[in-house]
Amino acid sequence: MRQTRTVHGKALPLPDNGYKMKTAALLKAALGTGIALCLALSGIFVARLCDQSRSVAAAGNALPGTARLDASGEDAIFEQSIIDPRLILAQEMPVIYGVDVEEVEMEDNTSEQNQETDIYFDVLPEDVKMEILGFANDAPKEFHVGVSGPQILIYHTHTTEAYRQTTDDEYVETGAWRTKDELHSVVAVGDVLDQELERYGYKVLHDTTNHEPPSLKTAYDRSLKTMEADLKKQPTISVFIDLHRDAYNNVDAGKKDFVTINGEECARVMFVVGTGEKYSVKPNYESNYKLALAVTGELEKIKKGFTRPIRVKTGRYNQQVSDMCLLIEIGHNANSLQQAKNAAKYVALALSRVLEID
């Protein structure tokens, strides 16, 4: 006899055991299907990562043995792979390098350039990044400069950017961490980069024009005119380096953000690449990105953790002038000037390993 229950004086039939068993079976089947689907997707993902790892390891093993040497005396980061997993994770987990500071944008936050958005995929392997960007990542990219010169232009869109003051580096501020004294600003770091590149056989023009007045908002407009004027005078220039220092919002914490190489404290380095999405004349950002990636790789060979992941932004940063344009952030306002100068020597070394003189 079927059981009933009384609700508001009415007898309602209760579901029988067969109904309950059917419902339970359906739920189990659905759960099993979901688990199987998750396992299948996980297997595809793991297989994809394994394929990437094999490709990356093969590329790393193709490097000459001397290229894998670490100037710090440690085993090189690329002994087995050209991708450092710590580098991949650095954007999301900066503490992995012993740094627990929050990265902020370049300090001119009102600038049109700095209102451009980031493309946040720093945690992805480089081949996946390039696939997302639509790059022909399987095509090797080499970078050449001519034998006559100058071949390289160093300039500064934000010319008065300065570093944390120390007893050995005191200056008159014209703003927060800014000075017109070129002996204490990012211009002094440019001087070191210039001298070191000359030592490696390059001919360099270091243009110290101050592009900030009358407003930081239009500094990139004026630095573009400088680039074009210098190129007109010196048509042999093919590499353009806009040298900056980055900014951190917690200077006390940021003092820990450096690496030590051969006993010298060196500020860490980051490259910014613009895609120029909002501009009719766009930069060759594939070439610029691969150049930044190549130099980043050489810096990581010199010292693990020397760099932060390349930052891709939708701005242009005057990188449409050449297919070899670099915006380099050497250190930040929590670093000392000496740390930045020390880093500039190794940036020159890394560039010398990437830029071939024909």
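## Before you start

The model is predicted, so local features need pLDDT of at least 70 and side-chain atom pairs count only at pLDDT 80 or more, while totals for chains, interfaces and linings use all residues. Residues are numbered from 1 along each chain as its sequence is written, and side-chain values use heavy atoms, leaving out hydrogens and water.

Let's begin with strand S6, residues 239-246. Helices (H or I, at least four residues) and strands (E, at least two) are DSSP runs, numbered from the N terminus. Eight of the eight residues in S6 are buried, a word that means under 20% relative accessible area, with exposed over 50% and partly exposed in between (1.4 Å probe, protein chains only). Val239, Ile241, Leu243 and Arg245 point one way, and Phe240, Asp242, His244 and Asp246 point the other. In a regular strand, side chains alternate between the two faces of the sheet.

Two strands pair if DSSP finds at least two bridges between them. Strand S4 (residues 152-155) pairs with S6 in the parallel sense over four bridges, and isoleucine 154 has isoleucine 241 as its bridge partner. S6 also runs parallel to strand S11 (residues 325-332), joined by six bridges; here histidine 244 stands opposite glutamate 329.

## Aromatic pairs

How many aromatic pairs does a search of the whole structure find? There are two. Rings of Phe, Tyr and Trp (its six-membered ring) pair if their centres lie within 6.5 Å; planes under 30 degrees apart count as stacked, over 60 as edge-to-face and the rest as tilted. Tyrosine 220 and tyrosine 317 have ring centres 5.5 Å apart and planes at 70 degrees, so this pair is edge-to-face. Tyrosine 220 lies in helix H5 (residues 219-233) and tyrosine 317 in the loop between strand S10 (311-313) and S11, so the pair ties together parts that are 97 residues apart in sequence.

Phenylalanine 306 and tyrosine 346 also form an edge-to-face pair, 6.2 Å centre to centre with 70 degrees between the planes. Both of these residues are buried.

## Backbone spots to look for

One runs from glycine 149 to proline 150, and another from proline 213 to proline 214; each has omega near 5 degrees.

Asparagine 262 has a positive phi, near 50 degrees, and is exposed, with a relative accessible area of 54%. Asparagine 318 has a positive phi of about 60 degrees, but is buried, with a relative accessible area of 4%.
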